[in-house]
Amino acid sequence: MSILAFDLGASSGRALLGRLSDRKIEVEELHRFPNDPVKVGNRLHWDILRLYHEIKQGLLQAKHKGVKLQSMAIDSWAVDYGLIGRNGELLSNPYHYRDQHTDGMMEKVFRTIPRADIFGRTGIQFLQFNTIFQLAAHRQSNPAIFREADRFLMIPDLLRYFLTGEMMNEFSNATTTQLYNPRTGGWDAELLARLELPSSLFGRVVYSGTYAGELLPSVSDELGIGAVPVIAVAEHDTGSAVAAVPALDRSFAYLSCGTWSLMGTEVDEPVMSELALQLNFTNEGGVGHSYRLLKNIMGLWILQEMKREWDRAGISYSFPELVKLAQQAPAFGAFIDPDDPLFLHPGDMRPRIRQYCIQTGQQPPEQPGEIVRCILESLALKYRYVLLLTERLSGKQFNGLHMVGGGIQNELLCQWTANAIGKPVWAGPAEGSAIGNLAVQWISQGMFSDIWEARKVIRESFPVTIYEPAQLQAWEEAYGRFLSIAGLSE
Ligand code: LFR
């Protein structure tokens, strides 16, 4: 039984064909394509129509292989959206969340709606690029578009709409807007009213795993394929990645490691306490009505941007080369807090790392190996801090950490994470989001009874690499220094 998962990540988009036989999952990459944002003037956009084209190419690849698809689904990162006009067409090119239009927007919104009120209604952490702040910025710069708009769709909702002609808002992504109220189980009318956003824009929210229509005849005719059912999986990529965590213990900690590092645990009910607000944790909707109590950590983004800069300068290193250089550099030189707002926007990270180090009285790293080491060690140390907060907030104790996502190919980071947290790291699968996407399609077709059965089969199908903690004393000391440099206290 073959199905197709499209996972649109920051480093690329992928189409993965999944087959399930004898309780074993096999995956095959059919198509890989760039997903670079496009800068026009000062604005950063999605290249949305090109991505739609690439999705069709993925479907064609399946056809060329002679595969009859039982279903397909799309996942991507959260918070970004498109607006549909009354004639059913996309009104403007969606913005990318790293666009600068949300700079200063949180403070502006807090003047009308206090922070605690927003959190009390949504349970979502404050990140300046959350949809709520993007919409506020968008409304400010272009009020007219909100008079023309008929519907609001998140990116996977939008691509799914292009394919099926059906407009639905999928739950896992809807929660990341910071406009969805998990207590009432719907869009928060009060928040929408206070932001002067027409509530009619926000449609029916469907849970992850819902059948969402099939390919429009115009699409299947164009591609020369039959009707393919489309499933609204956990369309937020982190929701899909966590669905793929091959945990056996129901109380587990995860780190979805890619451009972002998302660390936390799964809970049945959102944790919307004073402490959660204070620690800026989030409760994002997941598979089977679960919630992800987690915190965003800036992740490998800083390294990816550094690499892009070196590429531009004509000094091209591959990621494995950079990791090797880091390994050879001296240990525990300078540290950064990867979540400092300095590192959010795209561009050259080197002067920003330098600025951070000078401001915190440290000798800035100079050589590529030193810079990469600084980034990776700082990440591992931040993981330790956030894992501790996750334990405190959830009241759970974890005896290890599951890591999923492309970042686990960086073995040094996995090992350093184990060293920093002083517990084993269980790494795998690397294609977390795409595999979670496939798993939820199979659940919706009744091939798995629930996510726990799916996780068991994922565990049996993909290898898990174990990293045992080492050099505990040295990492302990480094952690103390890191906390004081980053101004964090436990
Ligand atoms: C990861 C992710 C995070 C979200 C960020 C922005 O790819 O989806 O979960 O906070 O991207 O959407």
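Visitor: By class, how many nonpolar, polar and charged residues does the shell around the ligand have?
Guide: The shell has 6 nonpolar, 3 polar and 1 charged residues. Here Ala, Val, Leu, Ile, Met, Phe, Trp, Tyr, Cys and Pro count as nonpolar, Asp, Glu, Lys and Arg as charged, and the others, Gly among them, as polar. Please keep in mind that this is a predicted model, in which local features need pLDDT of at least 70 and side-chain atom pairs count only at pLDDT 80 or more, while totals for chains, interfaces and linings use all residues. Residue numbers start from 1 along each chain as its sequence is written.

Visitor: Which residues surround the ligand?
Guide: Trp-77, Ala-78, Val-79 and Tyr-97 are in the shell, together with His-236, Asp-237, Thr-238, Trp-260, Leu-262 and Asn-296. A residue is near a molecule or strand if its C-beta atom, placed from the backbone, lies within 6 Å of it.

Visitor: Why is the ligand said to lie between domain 1 and domain 2?
Guide: Domain 1 (2–235) and domain 2 (236–428 + 464–490) both give residues to the shell, so the ligand lies between them. These bounds come from an automatic or database domain assignment. The centres of the two domains, taken over C-alpha atoms, are 26 Å apart.

Visitor: How many residues does each domain bring to the contact?
Guide: Domain 1 brings 30 residues and domain 2 brings 25 residues, where two residues are in contact if their C-beta atoms, placed from the backbone, lie within 7 Å. On the side of domain 1 that touches domain 2, strand S6 (69–76), helix H3 (115–122) and helix H7 (171–175) each supply at least two residues. H7 gives the most, with 4 residues. That side of domain 1 has 13 nonpolar, 13 polar and 4 charged residues. The helices (H or I, at least four residues) and strands (E, at least two) are DSSP runs, numbered from the N terminus.

Visitor: What makes S17 and S21 edge strands?
Guide: Strand S17 (282–285) and strand S21 (465–467) each pair on one side only, and two strands pair if DSSP finds at least two bridges between them. They belong to an open sheet of 7 strands with mixed pairing, in the order S17-S18-S16-S15-S19-S20-S21. From one strand to the next, the twist averages 30 degrees, with axes being lines fitted to C-alpha atoms, for helices over the stretch in contact, and angles running from 0 to 180 degrees between N-to-C directions.

Visitor: How many bridges join S16 to S18?
Guide: There are 7 bridges between strand S16 (residues 261–267) and strand S18 (residues 291–297), and the two run antiparallel. Met-263 has Lys-295 in S18 as its bridge partner. Helix H15 (residues 368–394) lies across S16 and S18, as well as strand S15 (253–257) and strand S19 (401–404), and runs at about 20 degrees to S16.

Visitor: What is found in the hairpin of S2 and S3?
Guide: Between the strands there are 2 residues, and Asp-22 takes a positive phi near 50 degrees.

Visitor: What kind of peptide bond joins Gly-428 and Pro-429?
Guide: The bond is cis, with omega about -5 degrees. Pro-429 sits in the loop between strand S20 (425–427) and helix H17 (432–444).
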